Amino acid sequence: MSTVQNEFFKKPKKGAVLHAEGGIHKAILDFLRKSLEKKCFDALFIPVKVHDTDSYVWVLLKDKSLLNEANPLPPVISVQGGRALSTLTKHGEMNLQIAAIMRPCEIRAVIELFKLKQVSLNNITLISIDCPGAMPLSDYISNPKEMAKRFNNLFETWEENESLRPICIICHRFSLSSLLPSISRQSASVELEGIDSPASDIHIGLVGGNGEKIFLMPVSSKGEEILEKLEIATEDSLEDWEIKEKELRDKKENKRKKILQELKAKIEGPKKFVAVFDQCINCHNCMRVCPICYCRQCYFDSKTLRLSPEVYLTRAKERKSLRFPLDTLLFHLGRMSHMVLSCVSCGVCEDACPMNIPIAQVFCIVADQVQKSFGYVPGRDRREPPPLRFFQEDEFQEVEMQYKKTISREETQNA
Amino acid sequence: MSEKFKPRLVGFLCNWCSYAAADLAGSSKLEIKPYLSVVRVMCSSRVNSNLALTAFLWGADGVLIAGCHPGDCHYETGNYYARRRFALLKKIMETLDLEPERLQLSWISASEGKRYAEVVNKFAENISEMGPNPFHNNPNI
Amino acid sequence: MKNPNVLIIGAGIAGMEASLLLAEAGRKVYLVEKESLIGGQVIKYEEVFPNMECSTCMVAPKQQEVLQNENIELFLLSEVEKIAGSAGQFSVRIRKRARYVSLTNCIGCGACYDPCPVSLYNEFEQCLSKKKAISIPCPGALPNVPAIDPENCLYLSGKQECQACKEACMFDAIDFSDKDEILELEVGAIIVATGFDLLDVKILPQYGYGDSSNIYTAMEFERLNAANGPTEGKIILREGSIPKSIAIIHCVGRAEKGYCSGVCCMYSAKFSHYLRHKLPDAKICEFYSDLCIPGKSYQKFYKEIQNKGVELIYSDDIRVEKKDGKIQVVYKNGDGERSVFNADMVILSPAMIAKNGTKELAKILGISVDEKGFFSTQNQSLSPITTSVQGIFVIGCAEGPKDISESIAQAEAAVGKVLSLLS
Amino acid sequence: MSKKIGVYICECGPNIRDRINIDEILENLSSIEDIKVVKKYPLLCSNEGKKFLADEIKNEELTHLVIAACSPKEHEITFMNVCEKAGLNPYLFQLVNIREQCAWIISNKEEATRMATKYIRAGINRVLLHKPLQKKELECNPNVLIIGGGIAGIEASLSLASPERKVYLVEKTSVLGGKVRKLSGLLPHQGMDLTFLQKKIKEVENNENIVVLTSSEVENVRGFFGNFEIVIKSNRNDLEQKEIKVGAIIVATGFSLFDPKETPQYGYGTIENVVNALEFEEMIASDKILLKNGKPPKTVALIHCVGRKEKGYCSKVCCLYSLKFAQFLKDKLSDVNVFEFYSDLCLPHKSDQDYFEEVKKKGVNFIKANEIQIKKSNSNINIEYKTITEKKGSLSVDMVVLSPAIIPAENTEKLAKILNIPLDETGFFKEIHEKLDPVSTPIEGIYIAGCASGPKNILESVIQSQAACGKILSCLIPGKKLEPEVRVSEIVEEFCTGCQTCLSVCFYSAISFDEFKGVSVVNEAICRGCGNCVGSCPSGAIRLKHFTYPQLYREVLEALR
């Protein structure tokens, strides 16, 4: 059983601390510009602000001058980075070296899609950034300036901020820790190949920098090579970042427990659960924006489930009434059963829901439990196989109705 | 009320073990409650959340998935995958408290006709006590 | 001109395997079975070592195939009486005893059992349960068609004008006029797969077997544990209570027969698995002389039972004694000191011996029997399944003690030989 | 063309008639459209019944057939044959089990009738969605590749080679014969002398239907049962490659011996006159059983089970060849003392124990011992051991013969990768089913024989190679086409997203990935139709013929009425 620790943690934790006089955005962009100049890669995959608007799009960017328009950490997630990168890399190889800079939840989505053969990582360098969260799309669109301002304040304080998306307020995977391999019990039996498999190659730490400095850390050997090429010494202590990151994570984990518990109480049980999805208009936006929902056609959109009118009539007769559009709940539970093991809680589904169903949070509640029981953290390790692709002979025995045993027990007592 | 109420149960049985056990229960003339409709599949690994959830949300009061004991699968490893998929589904239902008891996985070998009868009767009994599928007569689904 | 058809004697696991392969090769197979059902010994077991697989699940599909395959002609209740000719053209005479129940008409509803007034011990169930004079040996038996025991049937034995079963049958499947038949077959090759018997432990008084106390043979215990057996798989003593301490004794009759049966150590360990699973708190003790556990996966199997708290005692000169209703296993340990183990259930693992009737059949086939009573084969020339008569092959336990996989390998090997011989 | 369904309910004598109200069902069904006929019949499986059905199919020009009767395990094939003979595609037929799983388990007639109606309706709705599946026929290549020129491989070559069937025998070393060629002789009940081996090797070399490729190894394997494409590389020079086509493969790569150096307590390699079994075989063969100092040994210890603990299994053959050594020593050297140190005597064959008694009579001492330590003591070798009851003992000898465990041949792992067949936890090739199918692997058409799948004696190895031949001769017949399973999986390409989950769950490696199209592809020649891939595919992009989602949903819907 290989439990390869990644390069980054083999050494005493060190990295490069860069001072950000002109603000952290500038510092990051300078770093990216430099790496373009030094030909570390030929192009960047990065969110860019559309001219004279406040909206962001993913851009494959070769021309350095455009960098000024780029924003490595925009206030909103308009399109999930994983989805965007999949569109770029899925079909065929490319000879360009590309660096993609993304939020941790997006990076994790990329890794899941990589495992599902929907993303190719050849020639791709992944750069992750500490993420303070994102603003709800709708709020942002209605008042972009104000929202952008509130968003930028986050970088000094990193204090929680009620105008963030709820899913971000409880996000405990906003930094590097969730992107590092640690082989789980469940997948331990599976032969893992390659020595060095963290999710991202380079991580940019922001917490603990009070907006005055950023922390640059090589995570994979690839990342190390790049920083060497850029002659960026990685010998500075990362203590400030480490301490703050840990502190923030603990805080958020507690908050997460508390909030999810409260929410769970609101949605659990058939009655309440149905009530939550009552408003669903079956637009299936949540599925269309979800990075993990990679199917060409969603099974629950396929005609397999369509039945003839008379069958609907019989069913309506059976159950007194039949609601249209059909199978709304089947869609949500079905989709959940398909993707929840890989759900990275990026929240784009919630952003996309026109009916404000707290779908990301509901899925979050389930994801936490399910992923725990399978000992699986999506997007953590490039080699860790998706849980439904293998099995162990002596696992999950509890899920079978342990009938034989109970019988023989009873007998023993009867005797 | 458990007297009046006749649950509608769907049972996906693997052809080689559990379906054979059902036949044996028959030829042994064991009495089985008339609630479970058997759907024959070649292997329990054919059954996934698409099938189980559809049956459940289309109104089944209970869904039984039965296959060969681990290690006995006619296709060597199918039931291990079935078990993982079921474990996932079960966990989801448990977390959301959607009456997970309505989904049951049981290993029943071809020689266990008696056990098949007991499993089905017990299942029927449990579901009768639970009452109708809460999603069945809910106009909102 | 070589006759491509093949005669197979014995429809146990080996005979069935050979039949199915030859049928697949497009050969006509005549499968002759002494009993009224097919499957041999294996169908009596609940599970098989070392993977504790359900044997019914393993074998039932094969039985079904044998019954349904058009290239296989099955003769039940039948025995070979005479053989003439040589490889490529044997002529065979078979006596088919009357079943008195039509295989084509009967649909196995079982309506005829209850009305039958006769009650007999069921040998298939090792006499642990009763059956009627018309019956199938156990639930799930294939073909699922009863047979009438002419010695005990009131009508056929001329004791009474009873026709209760005939009256109960709606398919006019019962035919008292049914007669033994003599059939003549022409075949090119013969495969002997008659299997084994277990040593009758009564001849070894030191084990105290024979009265109705709780001393069981391995086969009795198999049925006791079988889901389709007399207790539906409940492991209980004759008086109905659950055993708290069980002794499993290996090598019963090894000294007398002069060979190790090769499989007893493994199935004894299997028994410990059964017991541990169903009686988690019982004390279980295995008395062995040598652990004969060849093969890559077998030792693991023993480790498992040891981890489950089963005790292995190296012992010698074992006798089973009864003191005021209690059973005592008295034995010599590794240092030759006498010790005693109190058991409320004792399971004896007897030697596998040549099937009853082997000598007679050997005579008919014109092949020899070795000093152990099994068919002798040409091991000397490295062909352990070929006999002194070309075109006659001996497979499975008919040639000597073997486990299931060795028997199957021999069956397939015989098929190979036949197909290259009669190609 | 409009659908004409025929529905026939078998009364099965009283079994169904008395327990289910058939007439009521007939009544209910007649209203359903698409139904041409609904009838009951006393006993459909009887010859009259079959004839009746055949006539009905023809006269009523039925397009679909539903029979409500007993379990498919009883008569599905019977009725499918009827359909075929009557000119109706047998897959446009559905057998509904209202006996075992309805009439016989429900005593209340009303309830039984209700359930039976459900089942029959389900059958009718289902059969409407059936497709007329066609049997496929595949050309196959009768030739066979045998990997390993040991006794098993030689046996197999000889029984397979024929004018219609070429055999390619690939041997890694430069000579045929494998380990047996190194032996001094066999066991009494195996016939001691070894001349047979040379005879067989000659036969192989003179057989024009056997192509012997020594000093060669299998480099690459593509294809499937009936149509394998093999690349064979010469060990002499890498450039020398050979491409062959075969229908089946037998893996008979034999075994290696455990290296006693891994267990220093036996002093192998460090103490003089401690030899392993093969070295001793050679001594016997050359008839020179001498100590390093040129003198014959006076006291010899034979140590069993060397490496058994480390490997975790009993190698089965050591006890017997140790007996052979003892016998030989006693016969050759008049005044030699022989001690056998064993942990368990493994003598499974009927004639083994006699041999043991015979050797024992010659005055060989048997010591049941464990925790054996072998130490140098001035001119001699000292053996310390513990008895079964933990008593210490020791013995001074001048020669020690170790019987090391049998372990997988080197390169087993590499070959497993090339052939895409699994190994078990002991490192030997894994049988698809240890009990029922000891010479087959998960890849149809690739068989394993002899010690490649675990320790075996020579007789068993021979048997296994003949068994593999039996399998090949019975299913890979020259000129005969293969008929693979019809109810198999197929990929619906427009829905397949190329995630390849199905590849990872298929036990038989029946699914491959088409890089160009970016979709999975099922090889119908390999697929066994379990449907695991269907269950694994979230997109519902795999269809298991005859068990499709819509077909199963029909049954579910009726269950819910």
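The model is predicted, so keep its limits in mind: local features need pLDDT of at least 70, side-chain atom pairs count only at pLDDT 80 or more, and totals for chains, interfaces and linings use all residues. Residues are numbered from 1 along each chain as its sequence is written, while chains are lettered from A and ligands numbered from 1 in the order in which they are written.

**Domains of chain C**

- Chain C splits into domain 1 (6-97 + 180-195 + 355-421) and domain 2 (200-351), with bounds taken from an automatic or database domain assignment.
- Between the C-alpha centres of these two domains there are 31 Å.
- Across the boundary, 11 residues of domain 1 of chain C are in contact with 20 residues of domain 2 of chain C (C-beta atoms, placed from the backbone, within 7 Å).
- The domain 1 side of that contact has 5 nonpolar, no polar and 6 charged residues (Ala, Val, Leu, Ile, Met, Phe, Trp, Tyr, Cys and Pro count as nonpolar; Asp, Glu, Lys and Arg as charged; the others, Gly among them, as polar).

**The sheet in chain D**

- Here you get an open, antiparallel sheet of 3 strands in the order S8-S9-S10 (strands are DSSP runs of E, at least two residues, numbered from the N terminus; a pair needs at least two DSSP bridges).
- S8 (216-224) and S10 (241-246) of chain D each have a single partner strand, so one side of each is left without a neighbour in the sheet.
- S8(D) and S9 (residues 227-234) of chain D are joined by 8 bridges, and Val221(D) sits opposite Ile230(D).
- S9(D) and S10(D) share 6 bridges, with Ile230(D) opposite Ile244(D).
- A hairpin is formed by S9(D) and S10(D), with 6 residues between them.

Key. Two residues are in contact if their C-beta atoms, placed from the backbone, lie within 7 Å. Helices (H or I, at least four residues) and strands (E, at least two) are DSSP runs, numbered from the N terminus.
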